[in-house]
Amino acid sequence: MTQTAAERPVNEPTPRRQRADIKARTLRTDRWWLNPALTFAALMSFLVYGFWAIFDQSYFADPYIAPFSAPCLATSCPEGARFLGLAPFGDWYTLPPGLLILGLPAGFRLTCYYYRKSYYRSFWLSPPACGVGEPHKKYSGETRFPLIMQNVHRYFFYGAILIGLILTYDAVLAFRDKDGNWGHVGLGAIILLVNAILIMAYTISCHSCRHITAGRLNHFSRHPLRYKMWTFVSKLNAKHQQLAWVSMFSVMIADLYVRLVAKGIIAFPFA
Amino acid sequence: MGYKAKFRVWRGEAGEGALEDFVVEVNEGEVVLDVIHRLQATQAPDLAVRWNCKAGKCGSCSMEINGKPRLGCMARMSTFTEEETITVTPMRTFPVIKDLVTDVSFNYEKAREIPSFTPPKGVAPGEYRMQQVDVERSQEFRKCIECFMCNNVCHVIRDHEENKQAFAGPRFLMRIAELDMHPYDVEDRQNSAQDEHGLGYCNITKCCTEVCPEHIKITDNALIPMKERVVDRRYDPLVWLGNKIFRRTKEKTPKA
């Protein structure tokens with residue numbers, strides 16, 4: 001049977017097609033604001049702590065070095081704190097040593113796919129929560145400068161791997177006593193080691209890492225080793241959000257701990 | 001045990017309308033769609049609602065329940081308290097035809113803009129040979145039931161209607177990712193994802209993943225991998241250099 005579409009009489013206006021006229025910004029009844037508010041508070045506390053830590057000079061309590069100041073690359077660093085004994089930045093560099101390297105981990109977290117979600121939601125309210133209207137009139141996302149620069153993430157990932165390895169090296173060196181003998185296990189060494197593991201786990205679980213291992217391939221079967229790596233990274237990647245938070249707090253705790261030991265505030269045996 | 005629930009349902013045509021209050025009976029084991037049907041049967045015979053399978057597999061009864069996009073047939077009444085008022089509205093991003101029924105043709109238009117699966121020349125259907133591991137990733141995206149709740153919740157078009165022209169929405173960016181990851185597809189999906197389908201608009205706030213009734217990891221497994229592929233193609237000087245030095249062709253090479 002042939003179907004014929006019923007034609008609209010010429011003089012009848014086309015029905016207007018519009019969205020439901022609902023003025024409320026959201027009809028959600030749960031506490032949707034709680035999550036972005038907590039995220040905002042947590043990220044702000046990290047920023048404030050980081051700012052203080054950069055300018056705090058007590059970053060070395062032999063054999064511990066505070067993660068926010070590692071690697072120490074300036075001549076102003078105490079002898080034992082220097083990375084591999086090197087001080088490529090000479091006397092002329094008088095600013096805090098942390099400033100030299102913090103750009104890498106900071107850039108890594110700033111362009112991280114998870115942190116992007118969290119600060120777009122909690123700082124920029126774009127959107128604050130799902131189904132809640134955002135306050136901005138225009139939106140162009142990551143299509144143009146400056147947000148198109150988020151695509152640089154993988155380069156920060158390369159840098160973050162380097163920093164992660166250095167933190168691991170520092171954590172291993174922490175298993176020595178004040179005279180440099182191995183086998184000394186202080187609470188600080190354990191804290192630094194746990195922190196290094198969490199930082200590495202967060203770094204490796206990165207979406208860019210997942211892409212580099214094998215995500216960019218269409219034929220896993222032709223690259224069995226890379227496929228194995230991808231499978232491993234994918235498992236970690238599912239926990240990227242949790243690792244981002246845990247490693248953020250662990251690095252703050254580890255950093256604060258070393259500074260408190262350096263200041264003499266924490267002074268019990270096996271500190 | 002049954003009780004009387006307070007419902008507020010948006011009623012209107014072509015955009016104009018208002019929330020209407022109802023008190024309606026609810027019995028044990030029911031879902032929101034059952035209650036909407038009871039409203040139709042007892043108090044509002046002209047209430048329009050689109051539905052079909054009642055099993056969360058056809059994607060017809062997408063609506064917003066207390067402001068959250070949900071399938072009416074999968075929203076259990078037992079998850080609400082007996083005292084609370086349940087607000088049911090049509091999907092906000094799409095124009096309303098009547099009551100809870102929206103015109104979702106935006107999605108069909110966007111679907112048509114994506115070139116279909118394009119095998120290499122000289123390979124006939126029936127000659128495709130691929131390993132399970134090579135197609136596994138794309139198979140997750142095939143679970144999509146096209147309820148369009150991801151496109152509805154995405155703030156890029158939900159809060160900015162003017163972006164509808166430029167942005168295909170998570171559902172169709174996922175479709176592009178599915179084809180781009182296919183071992184036998186040779187069409188250039190990466191440039192078009194960025195230039196024609198608005199992948200750059202996505203700011204990965206993951207609402208699409210949150211509302212997906214099939215629990216597809218849209219953001220982590222489709223949108224971000226697609227963004228990374230676009231970076232390879234457009235923004236990474238090292239990849240560009242590597243392609244030049246090792247004379248990698250841009251064309252995908254499907255071999256079994």
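Leaving aside neighbours within four places in sequence, Asn203(B) is in contact (heavy atoms within 4.5 Å) with Tyr120(A), Ser126(A), Tyr139(A), Glu142(A) and His155(B). This is a predicted model, where local features need pLDDT of at least 70, side-chain atom pairs count only at pLDDT 80 or more, and totals for chains, interfaces and linings use all residues. Residues are numbered from 1 along each chain as its sequence is written, chains are lettered from A and ligands numbered from 1 in the order in which they are written, and side-chain values use heavy atoms, leaving out hydrogens and water.

You will find Asn203(B) in the loop between helix H7 (190–195) and helix H8 (207–211) of chain B; helices are DSSP runs of H or I with at least four residues, numbered from the N terminus. Asn203(B) has 3% relative accessibility and so counts as buried, the term for under 20% relative accessible area with a 1.4 Å probe and protein chains only. A polar atom of the Asn203(B) side chain lies 3.1 Å from the backbone oxygen of Ser126(A).

Now turn to chain A. The axes of helix H6 (residues 187–204) and helix H9 (residues 240–262) of chain A come within 8 Å and cross at roughly 150°, the axes being lines fitted to C-alpha atoms over the stretch in contact, with angles from 0 to 180 degrees between N-to-C directions. H6(A) and H9(A) are therefore roughly antiparallel, a label for angles over 145 degrees.

Back in chain B, Asp34(B) lies in helix H1 (residues 32–42). From C-alpha to C-alpha, Asp34(B) is 9.6 Å from Arg76(B), with 42 residues separating them in sequence.

Definitions and conventions:
Helix = DSSP H or I, 4+ residues; strand = E, 2+ residues; numbered from the N terminus. Buried < 20%, exposed > 50% of the residue type's maximum accessible area, 1.4 Å probe, protein only. Polar contact = N/O pair within 3.5 Å; in protein donor to acceptor, adjacent residues only side chain to side chain. Parallel < 35°, antiparallel > 145°, perpendicular 65-115°, else oblique.
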